[in-house]
Amino acid sequence: MTTVIQRFRRAFGRAAPQAPVAPERARAAASADAVRNLDLTPSDPLLGYLQRTPGVIDFQNLRLASPMVERLRAEGVRLAVPLLSQGALIGLLTLGPRRSEQDYTSDDHTLLGNLASQAAPALRVAQLVRQQQLEARERERIAQELRVARLIQQTLLPRSVPDVAGWGITPYYEPAREVGGDFYDFIELGDGQLGLVIADVTDKGVPAALVMAMARSILRAAAGRLDSPGAVLERTNEVLYPDMPPNMFVTCLYAILDTHSGRLRFANAGHDLPYWHHAGGVSELYARGMPLGLMPGMDYEESEIVLAPGDHVLFYSDGLVEAHNAEREMFSFDRLEALVGAHADGGQPLVDMLLGELASFTGSGWVQEDDITLVALGREAASGNEPRSYPATQTVDEHSSDTWQTLAELEIPSLPDNERLAMEQVGAIACDLGLAPLRLERLKTAVAETTMNAMEHGNGYRADQPVRISVRRSETALAVRVYDYGAGGEIAADEPDLDAKLAGLQTARGWGLHLVRHMVDEVQMGSEDGMHMVELIIQL
Amino acid sequence: MPAVPFDVNVRQQPRAAIIDLHGEINAGAEARLNDAYEQADRGDPEVILLNFSQVIYMNSTGIALIVGLLARARKHKRRIIACGLSQHFRDIFEITRLSDFMPVFNDEVGALSKAEQAEHVHVRQSEARGKA
């Protein structure tokens, strides 16, 4: 027990002030000091003495090496009576010298003892009542805070979902009882560009809601001025950092969707990685970056994908993956990835399925531990979603007797480094067909080089002229056709010769087509619908 | 697979300079790769080792950059070797004949050990020619 309530009654005596003062001032001081907390440390021998000694204690004659005794004695305390309730020390009644300046009599001692034995239970009751009042007030304060936090959060969440032709956007938000700091946002950027935000503020309640409001405003302002998702997060971090309360930060994923091409550029400040369902399976959308508000001067890596018709992406917060069941198992990222991968439909069906799986996993009586936020973004399947048949060109006649099934049709914006997108998407499809790892790597290199040639030489890296890719398979082969807007004669015809290159007789470049020819079993070139086409064929 | 920007680190050893290549070797790698070569070359090493063990992607532009490095090294009569190539990159080195001019080893230890042995043979041959 470190604190006891010292009760001082002037009925018998007066307080001995710490320094001589006028009687009126002494009475005022004593009145203000009538009930106060005493910090009595557990090591002070007075504590044990009071617990063992229920009667009146004469402080003037008390021989105890106690700092508290010294202090009280210096304050003029003459007598003290411990107030004990069910053996527990709950207070201490102390008296200064008698007003008559005579010593306390044995009758006074007896009266004090009786008073203490009756005052102790009354004091205990008063303490319990006061404690309950404080707890009720605290409960009401917390409830009020939760109402405020919920109000802030609900006010700031989007009231409507952007209606974008060809796209489906389905948000779901369920706050925990103790409201967390999840939020999502949609930002119309014009010209078919749509910003998507999903974020989670550490902490709960009003502090989290206020940081959420601050982060949302800053991010919206940055998104209106900056075109790069990485730059938007960088700017948000710089502005947010100086005002961030200690031990708080914000995880945030910001993406910009080009609703015309399906290009999705994104940067991530430590948020859970979205899952992308595509023709080749499911992939995490990865980009490096520290949470917002932790440190200044952070860079945010930027990545991008192209969502083909029928693809969908799930953005989510940790409330879903970190939900526990009765056995304290987590719902987990692996489970979520498998569910997204297995579910071809995005949008509301995906959200409904995930909530159903969560309910089955957690069982009845589950108390939601954290906010759950989901945003399902899906590109509607093309109206002619059935496999497209390409008219056989002269160069591919030898395959025309096979039955070909279209596995995917992609559009890759002609931008530097986008050959990686083509490579990964075609690679994911080929991987599912059981292509051996080395042959898969060769196909990926061939697709990357052909796409790079198409973007650079065929389309001149014009963003409005994307590279089209179709992936088809027959019983025995996989064919990848890469289309561009060029005439087909743009690629240097010289066979690269390393001796000549090292001697400075040829440029160091010019390896693309040479590599492609060595990477796959067959390369065909032709034109179709006014577009130049290169077909890569690899036997399965 | 997300893009992994190119990064490079140069380690100077008593007789060799090791250039550790990370991430993607494409057009964006040019300046840093050339800077790394110059840094490695300043130590006047007997051999420059290109360590590809952390390279996850290399396109034809990246190959052209390696060809450029090789051309510079040969101009300065600097030996240049490679290690840590995946089987796929080894195939590309063979298809382009880079491996004819740039010996390829499995790992750094093997590469430096072989390079040292080759240097001893070279020195002994020079000494023998001197005596003759």
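Two residues are in contact if their C-beta atoms, placed from the backbone, lie within 7 Å. By that criterion, the contact between the chains takes 22 residues from chain A and 24 residues from chain B. The structure is a predicted model, in which local features need pLDDT of at least 70, side-chain atom pairs count only at pLDDT 80 or more, and totals for chains, interfaces and linings use all residues. Residues are numbered from 1 along each chain as its sequence is written, and chains are lettered from A and ligands numbered from 1 in the order in which they are written.

**Confidence**

- Chain A has a mean pLDDT of 83 (pLDDT is the predictor's confidence in each residue, from 0 to 100), and 88% of its residues reach 70 or more.
- Helices (H or I, at least four residues) and strands (E, at least two) are DSSP runs, numbered from the N terminus. Within chain A, confidence is highest in helix H6 (residues 229-240), at a mean of 96, and lowest in strand S1 (residues 3-8), at 39.
- Residues 1-32 of chain A have pLDDT below 50, and this stretch has 67 contacts in the model beyond near neighbours in sequence.
- A further stretch of chain A, residues 383-400, stays under 50 in pLDDT and has 22 contacts beyond four places in sequence.
- Where pLDDT is low, the predicted coordinates should not be read in detail.

**Interface**

- On the side of chain B that touches chain A, the elements giving two or more residues are helix H2 (60-75), helix H3 (87-95) and helix H4 (98-101) of chain B.
- H2(B) gives the most to that side, with nine residues.

**Nonpolar cores**

- A nonpolar core is a set of buried Ala, Val, Leu, Ile, Met, Phe, Trp, Tyr and Cys residues joined through C-beta atoms within 7 Å. A residue is buried if 20 or more other C-beta atoms lie within 10 Å of its own, exposed if 12 or fewer, and partly exposed in between; C-beta atoms are placed from the backbone.
- The largest nonpolar core has 141 residues, and those with the most contacts inside it are Ala215(A), Tyr254(A), Ile19(B) and Leu49(B).
- Helix H5 (residues 205-225) of chain A supplies the largest share of this core, nine residues.
- Domain 2 (157-379) and domain 3 (394-539) of chain A both give residues to this core, so it lies between them; the domain bounds come from an automatic or database domain assignment.
- A second, separate core of 21 residues includes Leu46(A), Ile57(A), Leu72(A) and Leu112(A).

**Strand pairing in chain A**

- Two strands pair if DSSP finds at least two bridges between them. Strand S7 (residues 181-190) and S8 of chain A run antiparallel and are joined by nine bridges, with Asp185(A) opposite Val197(A) in S8(A).
- The hairpin of S7(A) and S8(A) has two residues between the strands, and there Asp191(A) takes a positive phi near 55 degrees.
- S8(A) also pairs with strand S9 (residues 250-258) of chain A in the antiparallel sense over nine bridges, with Gly195(A) opposite Ile256(A) in S9(A).
- Strand S8 (residues 193-201) of chain A is mostly covered, with eight of its nine residues buried.
- Strands S11 (residues 275-278) and S12 (residues 281-284) of chain A run antiparallel, joined by four bridges. They form a hairpin with two residues between them, and His277(A) has Val282(A) as its bridge partner in S12(A).

- Helix H11 (residues 437-458) of chain A has 22 residues and reaches 30 Å from its first C-alpha to its last, close to the 32 Å expected at 1.5 Å a residue; the expected span is 1.5 Å times one less than the number of residues.
- H11(A) is mostly covered, since 16 of its 22 residues are buried.
- Gly460(A), which follows H11(A), has a positive phi near 55 degrees.
- Tyr461(A) lies in the loop between H11 and strand S17 (467-473) of chain A, and its phi is near 55 degrees, a positive value in a residue other than glycine.
- Tyr461(A) is partly exposed, with 14 other C-beta atoms within 10 Å.

**Other loop residues**

- Asp44(B), in the loop between helix H1 (30-42) and strand S3 (47-58) of chain B, has a positive phi near 50 degrees.
- Asp44(B) is exposed, with 10 other C-beta atoms within 10 Å.
- Val77(A), in the loop between helix H3 (67-74) and strand S4 (79-85) of chain A, is buried, with 24 other C-beta atoms within 10 Å.
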